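Here are my notes for anyone opening this one for the first time. Have the viewer ready and follow along point by point.

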Amino acid sequence: MTSLNQMPSSYDEFLLQNRKYINTTFLYIVLTCILTGPAIGLGIYAGIFTHTSYETCIIISVGMLLLYFVCLNIYKKWPYKAYTSFLAIFVMNILLVYMSYEKINVRVTWFLMPLLSMLLLSSKFYIISCLFNYAMVLLSIWLAAPYMSAMNVDESAFDYFKYEAAARTIETFIMAVVGYEIGRLISFYYRSLIEEKQTVSAAERQMEKQVLLLESMNDLYDKVNYLDFQIMKEQSFHENEVEEYDLDFSKSTHSHMVQSMLEFVPEESKNRFLWFTDLQTIQERLIKNKTTFAEFTNTENEWYRLQYLVVDSDENGLPTKIIFTAQNIDDDKQKENELLKMALTDELTKLGNRRCLDIDIAEFNRHPIPANICVMSCDLNGLKITNDTWGHRAGDELIKGAVQCILKAMERFGKLYRTGGDEFVAIIFARNFRLVESAIIENAKRWRGENNNRLALSIGVASRIDYPDASIAELQKISDEIMYKNKEEYYKENGIDRNALYNKYKER
């Protein structure tokens with residue numbers, strides 16, 4: 001027999017399961033009805049049924065056996081149809097009519113048929129069953145009326161039918177109303193039970209998903225915290241272990257995980273750390289962005305990132321479930337710094353490049369300009385000729401030699417940048433910058449290399465002392481103009497036609 005061992009996922013699924021179960025049950029009831037013949041035969045033998053015969057018992061048993069096979073075939077074809085149960089009810093009603101005709105009347109069995117149909121939890125089929133049962137009751141009374149009137153000569157067959165039909169009508173009406181209400185209550189309780197089960201199952205599935213999500217996030221982050229502001233609970237996930245705490249703002253406005261991290265937060269960062277992790281304000285801060293993060297260093301100068309992620313919100317958009325993560329990003333920060341350094345560093349000389357100079361000048365513009373600042377522009381003369389004549393190895397030697405000459409003169413007065421192939425810019429903090437300029441020229445005169453015996457630099461210097469109203473960018477422009485003027489003079493003094501040289505090497 002089909003059993004109802006598993007809780008259905010929906011009420012409709014329950015109706016299908018229940019219908020198949022009831023159909024199977026009815027099929028077994030019809031099979032049991034085959035034993036009605038032998039039971040009546042025992043009643044005849046015992047003298048209980050004196051107005052029937054053994055032939056009737058055989059007809060009942062054979063007829064019910066044939067009807068059982070009909071019901072069995074219909075059940076195999078339509079196990080989930082309510083009509084399959086209705087056919088069984090029809091068969092048993094016919095049996096009761098025939099038993100009444102044969103003077104075997106078991107009245108309580110008549111009321112059993114509609115009550116069995118009530119198990120289908122269908123008002124439609126319950127009403128049909130009641131009406132059909134009522135019609136069969138009237139038919140059985142009509143068939144039994146001649147016999148019953150003969151037993152009572154003072155009552156005609158019609159009078160017997162009239163009074164008995166009236167009594168059975170009242171009984172059927174009461175049974176139908178009571179059964180309908182019982183069926184409606186049973187249906188309501190089943191529906192409520194299944195819907196509650198669905199709600200619980202959905203909550204369990206949601207919780208399982210959240211746990212899986214948090215467990216997977218635990219593989220990516222050093223610490224994972226789940227904050228539920230509806231039930232005011234905090235779940236901390238660390239190394240596949242889960243710990244749960246209450247969120248009580250009267251005791252602390254921060255999570256248990258945050259409190260455990262406080263001892264590793266430097267004093268200078270604590271105020272910003274506590275503001276970022278304040279649970280009383282985090283919901284409002286997450287309404288629009290749904291996520292927020294901040295980066296801190298700990299007492300060991302390691303970088304880590306704190307991040308809040310919204311999981312669920314209420315109807316007003318206020319976050320109710322939030323994930324809080326902590327991740328060590330020190331390696332990433334080091335790689336980031338290395339990449340930034342590479343982006344701002346000239347590969348050959350290891351000096352700051354043009355981008356680095358622009359960033360530093362932008363930073364200078366945010367603050368008052370120091371009075372002793374000056375900008376020095378330097379150009380390495382003859383680099384193109386050296387590259388084209390002796391190769392880039394010799395040219396690289398000249399560039400490195402120029403760097404040595406400039407840095408040796410600058411000492412710790414400022415910072416040097418390589419802004420082009422043969423161009424350098426230095427930001428110097430010194431009132432005696434002319435001494436620095438002279439030292440660079442002298443260093444260049446004395447320099448000798450493996451591939452070059454001469455190094456010449458054209459220099460232009462613009463200071464805040466000489467141009468008190470100029471910005472850093474303007475000082476750089478002025479120093480460039482001075483440098484290019486000195487470069488022209490250098491080529492003139494050495495009798496070098498720059499245009500002829502340019503055209504000569506251009507043709508190559």
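1. Start with the rings: Phe273, Phe276, Phe296, Tyr304, Tyr308 and Phe324 come together in one aromatic cluster. Rings of Phe, Tyr and Trp (its six-membered ring) count as a pair if their centres lie within 6.5 Å; planes under 30 degrees apart are called stacked, over 60 edge-to-face, and the rest tilted. Before going on, note that this is a predicted model, where local features need pLDDT of at least 70 and side-chain atom pairs count only at pLDDT 80 or more, while totals for chains, interfaces and linings use all residues. Residues are numbered from 1 along each chain as its sequence is written, and side-chain values use heavy atoms, with hydrogens and water left out.

2. How many aromatic pairs does the structure hold? There are nine. Take Phe273 and Phe296: their ring centres are 5.5 Å apart and the planes meet at 75°, so this pair is edge-to-face. Phe273 belongs to helix α9 (residues 270-276) and Phe296 to strand β4 (residues 291-297), so the contact ties together parts 23 residues apart in sequence. Helices (H or I, at least four residues) and strands (E, at least two) are DSSP runs, numbered from the N terminus. Phe273 is buried at 0% relative accessibility, and Phe296 is buried too, at 1%. Here buried means under 20% relative accessible area, exposed means over 50%, and partly exposed is in between (1.4 Å probe, protein chains only).

3. Now look at Phe364 and Phe429, an aromatic pair of the tilted kind, with 6.0 Å from centre to centre and 45° between the planes. Phe364 sits in helix α12 (residues 354-365) and Phe429 in strand β9 (residues 423-429), so distant parts of the chain, 65 residues apart, are linked. Phe364 is partly exposed at 23% relative accessibility, and Phe429 is partly exposed at 30%.

4. The charged end of Arg285 sits over the ring of Trp275, 4.6 Å from its centre. Lys162 lies over the face of Tyr163, at 5.2 Å from the ring centre. The rule used is that NZ of Lys or CZ of Arg must be within 6 Å of the ring centre and within 35 degrees of the ring normal.

5. On to charge pairs. The whole structure has 14 salt bridges, each being a side-chain nitrogen of Lys or Arg within 4 Å of a carboxyl oxygen of Asp or Glu. One of them joins Arg184 to Glu181, with the closest N and O atoms 2.9 Å apart. Both residues lie in helix α7 (residues 157-220), three residues apart, about one turn of the helix. Arg184 is partly exposed at 45% relative accessibility, as is Glu181 at 33%.

6. Which residues does Glu442 bridge to? Lys445 is one partner, at 4.0 Å from N to O, and Arg446 is another, at 3.9 Å. Glu442 and Lys445 are three residues apart in helix α15 (residues 433-446), about one turn. Arg446 and Glu442 are four residues apart in α15, so about one helical turn separates them. Glu442 is partly exposed at 36%, whereas Lys445 is exposed at 56% and Arg446 is exposed at 56%. Salt bridges with shared partners also join Arg434, Glu437 and Asp466 into one network.

7. Is strand β10 (residues 457-463) mostly covered or mostly open? Mostly covered: seven of its seven residues are buried. Leu457, Ile459, Val461 and Ser463 are buried on one side, and Ser458, Gly460 and Ala462 on the other. Strand β10 pairs with β7 (residues 373-380) in the antiparallel sense over seven bridges; strands pair if DSSP finds at least two bridges between them. Within this pairing, Val375 stands opposite Ala462 in β10.

8. Last, helix α3 (residues 54-77). This helix has 24 residues and reaches 35 Å from its first C-alpha to its last, close to the 34 Å expected at 1.5 Å a residue. The expected span is 1.5 Å times one less than the number of residues. Its buried residues include Thr56, Cys57, Ile60, Ser61, Met64 and Tyr68, along with Cys71, Leu72 and Tyr75.
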